Each structure stands twice: as C-alpha cells, then as structure tokens.
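Here's a quick tour of a protein model for you.

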Amino acid sequence: MEAILNYFETIPTHHRALIIIGGLTLFWILEGVIPLIGFKYKKWKHAVPNIFFTLTTILVNLPLAFLFLKSSDWVMANNFGILNWLPEIPVWLYGILGVFLIDCIGAYLPHLIEHKVKPLWMVHLVHHSDHNVDTTTANRHHPLESVIRYVFTLAGIFIVGTPIGLVLLYQSLSVVATQFNHANIQLPKKVDKLLSYVIVSPDMHKVHHHYKMPYTDSNYGNIFSVWDRLFGTYKELDTDKIIYGIDVFPNEKQNGTITHLLKQPFLKYQKSEDVKQ
C-alpha cells in the first residue's frame, strides 16, 4: 500500500488519462460481449454528449487541482483530520479507511444532497436524462455539478485528513468504479449480488437510473455499497423492469444534444404530453 500511495503522490498526468481511457475502452468492449440490454442506438452518436461532459469535468478539475494539493499538504503538516487523529495503524488499513471515508464525503453525501435540494437536483438531472445508460454515462455531469462534487471532495480532504497520494488514488478508483457500475454489462446474478455487498455493482446502480421514484432516490453509492445499506437508501429492482431516463425530462432526442443539456438545469420540468416527438 505504501508503494501505491507513493506512486499516486506523483502520478504523471498521462497515467491518469490512461486510467480514464483504459477503463472506458475495457467496459465499452465488454458491453459488446456481454450486454445487459440490447440497445437499438448508434453507440458513437450516443457517446458524443457523454464524452463532451467527461471532458468538461476534466477541464473543471484541472485548474482547481492545486487546491487539493495545498489542502492535503496543510492537513498533513498540521496533523488535522480523522486519519491523523487515529492511533498508528498498518499502512494497508490506513489506505483502505481513507478511500472508504472520502468515498462517503466526496461522493455518497453530495449525491444524496443533490437529490434532496431542488437547485442541485436540476443540475444533477443532466446525468439522469440519459435514456441508454452505458459506461459513457459515468461522467455525464453538467459542469456545475463537477464544481459541486469538487467542493465536497475538497471538504473530505480536511475532514478525513488525506495526503495527496490517497486523494489521487481515490479519484482513480472512483473513475473506474463508476465506469464499471454504469456499464451495460450482464454479470451472473449471483456474482453481481455478492459484489453488491461490498462495492456498487452494475445491477445495483442501474436501479438508481430507473425513470421514476422511489427508485431514482436510492443507491447513491459510488465505490462502496455500504453507505446505502447503512443509511437506508438501498433498493432492489429487477433489471427487466428498469426504464432509463427521467420522467421530468422525457424527450430522448433533446436529452441527447449538448446544447439542450447545458441549458437543462435552468428549464422547467416537462411532461410526457408536452413533448413533441
């Protein structure tokens, strides 16, 4: 674990890019081999807005990355945060606990809040308005949401007391985990179920993308599934019954255009009967 943390402390930018591209490529291929749903869509066309928002997420995070570094340096220098207040523990436990805690504060918590606070929910809807959820949906976030998530992760650094190596390890694991649990792949049911006791599995997260309540307000987890089970937000739904999209923005054609998605947080809810197909 010490070697891993040392690596991520100075991880080259192109290595981080390879993690994002490598994960996306792997799950893209697996979607063709073991698909969960046989989507009748043009995969590349569907991917365009999703990849666009992946790039905007990167562009938001890059200029702000120095705040992560400065904050991590400060908490370590001042012995601040949960990890720094604990008695000495093995480095492997230190790493796992750090990722575990920052996953709660930097991912589960903001996701939950986004569903409960109307202005934040309007921003988050861009992620939910994808009618064909696949691995490219993973980072389909409006730039404003990228800022929101950044702020929570920054807060997590102070609360947890994480060194920069642990922050970058978490971010890399987070990217691959979300690409995995959004991927349109079908695992054996028993395997998916077993995975869901520890991490967010594909079938578990697909429930969150069902177009209607109460399933939309469930399974907020990013890497670890324990937060949903612990805080009572875990739900199950047979994947055969899942319909992707969101009932307040039901126009699939509009929800596939970058221009509309950029404006979506500022629009009024729509109804199915108001949509011109």
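A nonpolar core is a set of buried Ala, Val, Leu, Ile, Met, Phe, Trp, Tyr and Cys residues that are joined through side-chain atoms within 4.5 Å. Keep in mind that this is a predicted model. With that in hand, let's start in the middle of things: the largest nonpolar core here has 29 residues.

**The nonpolar cores**

- Which members of the largest core touch the most other members? They are Phe68, Val99, Ile157, Leu166, Leu169, Tyr170 and Ile223.
- Helix 5 hands over the largest share, with eight residues.
- There's also another core lying apart from this one; it has seven residues, including Phe39, Val133, Ile242 and Tyr244.

- Helix 5 is built from 26 residues and spans 37 Å from its first C-alpha to its last, close to the 38 Å you'd expect at 1.5 Å a residue.
- Where does helix 5 bend? Look for Cys104, where the bend is about 35 degrees.
- The axes of helix 5 and helix 7 come within 9 Å and cross at roughly 140 degrees, and the crossing is right-handed.
- On the helix 5 side, the residues making this contact include Gly98, Leu101, Ile102, Ile105 and Leu109.
- On the helix 7 side, they include Ile148, Phe152, Gly156 and Ile159.
- Here's a handy bit of background: residues three or four places apart in an α-helix point the same way, because there are 3.6 residues a turn.

- Is Ser146 buried or exposed? Ser146 is buried, because its relative accessible area is 5% and the cut-off for buried is under 20%.
- Val147 has 36% relative accessibility, so it counts as partly exposed.
- Apart from neighbours within four places in sequence, Ser146 is in contact with Thr57, Val60 and His141.
- Val147 and Asn61 are 86 residues apart in sequence, yet their C-alpha atoms are 7.9 Å apart in space.

- Some background first: most residues other than glycine have a negative phi, and most peptide bonds are trans.
- Asn79 has a positive phi of about 55 degrees although it isn't a glycine.
- You'll find Asn79 in the loop between helix 3 and helix 4 (82–85), and its 45% relative accessibility means that it counts as partly exposed.
- Asn219 has a positive phi as well, near 50 degrees, and it's also a residue other than glycine.
- Asn219 lies in the loop between helix 10 and helix 11, and at 0% relative accessibility Asn219 counts as buried.
- Which peptide bond is cis? The one from Met213 to Pro214 is, with omega near 0 degrees.
- Pro214 is found in the loop between helix 10 (202–208) and helix 11 (226–231).

Definitions and conventions
Residues numbered from 1 in each chain as written. Predicted model: local features only at pLDDT ≥ 70, side-chain atom pairs only at ≥ 80, totals over all residues. Heavy atoms only, no water. Buried < 20%, exposed > 50% of the residue type's maximum accessible area, 1.4 Å probe, protein only. Contact = heavy atoms within 4.5 Å. Helix = DSSP H or I, 4+ residues; strand = E, 2+ residues; numbered from the N terminus. Expected span 1.5 Å × (residues − 1). Bend = angle between axes of the 7 residues up to and from the residue. Axes fitted to C-alpha atoms, helices over the stretch in contact; angles between N-to-C directions. Left-handed = near helix turned anticlockwise from the far one by under 90°.
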